[in-house]
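Subject: Structure handover

Hello,

Here is the structure for you to look through. My notes follow below it.

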Amino acid sequence: MAFRTPTAKKLATTLICNSRPLTAKRNLTLLSKVATQSTLRSTSQITAIRGVKQIKFNGVENETVYERSDWPKEKLHQYFKDDTLAMIGYGSQGYGQGLNMRDNGLNVIVGVRKNGASWKAALEDGWVPGKNLFDVKEAIQKGTYIMNLLSDAAQSETWPEIKPLLTPGKTLYFAHGFSPVFKELTKVEPPKDVDVILVAPKGSGRTVRSLFKEGRGINASYAVWNDVTGKAHEKAQALAVGVGAGYIYQTTFEKEVNSDLYGERGCLMGGIHGMFLAQYEVLRENGHSPSEAFNETVEEATQSLYPLVGKYGMDYMYDACSTTARRGALDWYPIFKKALKPVFEDLYTSVKNGSETQRSLDFNSQPDYREKLEGELETIRNMEIWKVGKEVRKLRPENN
């Protein structure tokens, strides 16, 4: 069998060399599917147009995807040669995006409250007061791009001081559509005489940074709120590469914030945590040991099965499992879908109508919110499932 892509060749080495005789034939079948899928993606699904890809993700609708190779470093440097990129805030995204821009050779400065926690964190990462570290007002005054990466609640609280500094000629940048989309609640209404853009990396700031350092780059979406200059789209695309994106997809502010809030509360964090807890508790109530319950709920999922889904797809994961596992999963996923879809519909409604935004603003604006949050996180830390997980992780081969 000839394998035409690097992915297929690499997988061939792993699967064939590690196969027992009884499984070798099955592994070759799986490998053939990966090779076929990779070939299809590289031929019929993607059309390159001046370095930009037109991709039919669902086989029908064309979507435009921009990539890092469209903006090599030399082009980035030329594009931003007269600009100062003022990063306002140094939390998770500020850390990742700021350091990536700095490593990309762009003229980036950080603006945070002097001597606060973020100021101290920036100092630890090598930002120098008076050179590329300033208080918020001075950074905005110096910047041509104002990258507002304060927390959502802080953006609302500081907007009366920030808005007057956004003079014509500057570009306002967000990493999340939260504040402008829900402006009736946040009171953040972007000025109409400046370009307003968004770049939303699909991951935490730590992931933005780690993938950049690995040379990979994270997926990101971009959107335009105002295009005063006629260059807002290219500004967003260029800046997305500057902050560490590998591939960039176009969206709108509204769709970005709705999908983001929905995903975080659903499969990405809240929903999957709820499913983990429910499955673990039923196993424990039926006499299974803590380690067995954890291994069958979390460890096998995160260490064995989810990586297959991430790398090759859900169908590959099904096909890679035993006939018994496969039959059960195929029978039960429609039942879970039927049970869960009404919950997800309620969740999306709660996101779209602003209820989740109001909840976030109300909680995160409280003076003691950090103490309350720590209490909630402590509750999670003390759950049996996660205490067991801490011990199970110690037994992984890489930790011994």
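In strand β5, G111 is the bridge partner of I88. Strand β4 covers residues 85-88, and four bridges join it to β5, with the two running parallel. Strands here are DSSP runs of E, at least two residues long; helices are DSSP runs of H or I, at least four residues long; both are numbered from the N terminus. Two strands pair if DSSP finds at least two bridges between them.

From β4 the chain crosses through helix α4 (residues 92-103) to β5, and this β-α-β crossover is right-handed. That label means a clockwise path from the first strand over the helix to the second, with the strands pointing away from the viewer.

This is a predicted model: local features need pLDDT of at least 70, side-chain atom pairs count only at pLDDT 80 or more, and totals for chains, interfaces and linings use all residues. Residues are numbered from 1 along each chain as its sequence is written, and side-chain values use heavy atoms, leaving out hydrogens and water.

β5 also pairs with strand β6 (residues 133-134): two bridges join them, and they run parallel. G111 stands opposite F134 in β6. The chain gets from β5 to β6 through helix α5 (residues 117-124), in a right-handed β-α-β crossover.

Which way do the residues of β5 point? V108 and V110 point one way, I109 and G111 the other.

On cysteines: a search of the whole structure finds zero disulfides, a disulfide being a pair of cysteine sulfur atoms within 2.5 Å. C267 counts as exposed because its relative accessibility is 58%. C321 counts as buried because its relative accessibility is 18%.

Now the whole chain. It has 19 helices and eleven strands. Buried residues make up 40% of its 400 residues.

Last, confidence. pLDDT is the predictor's confidence in each residue, from 0 to 100. The chain's mean is 87, and 87% of its residues reach 70 or more. pLDDT stays under 50 over residues 34-44, where the model has 13 contacts (heavy atoms within 4.5 Å) beyond four places in sequence. It also stays under 50 over residues 46-50, with nine such contacts. Where pLDDT is low, the predicted coordinates should not be read in detail.

Best wishes

Key. Buried < 20%, exposed > 50% of the residue type's maximum accessible area, 1.4 Å probe, protein only.
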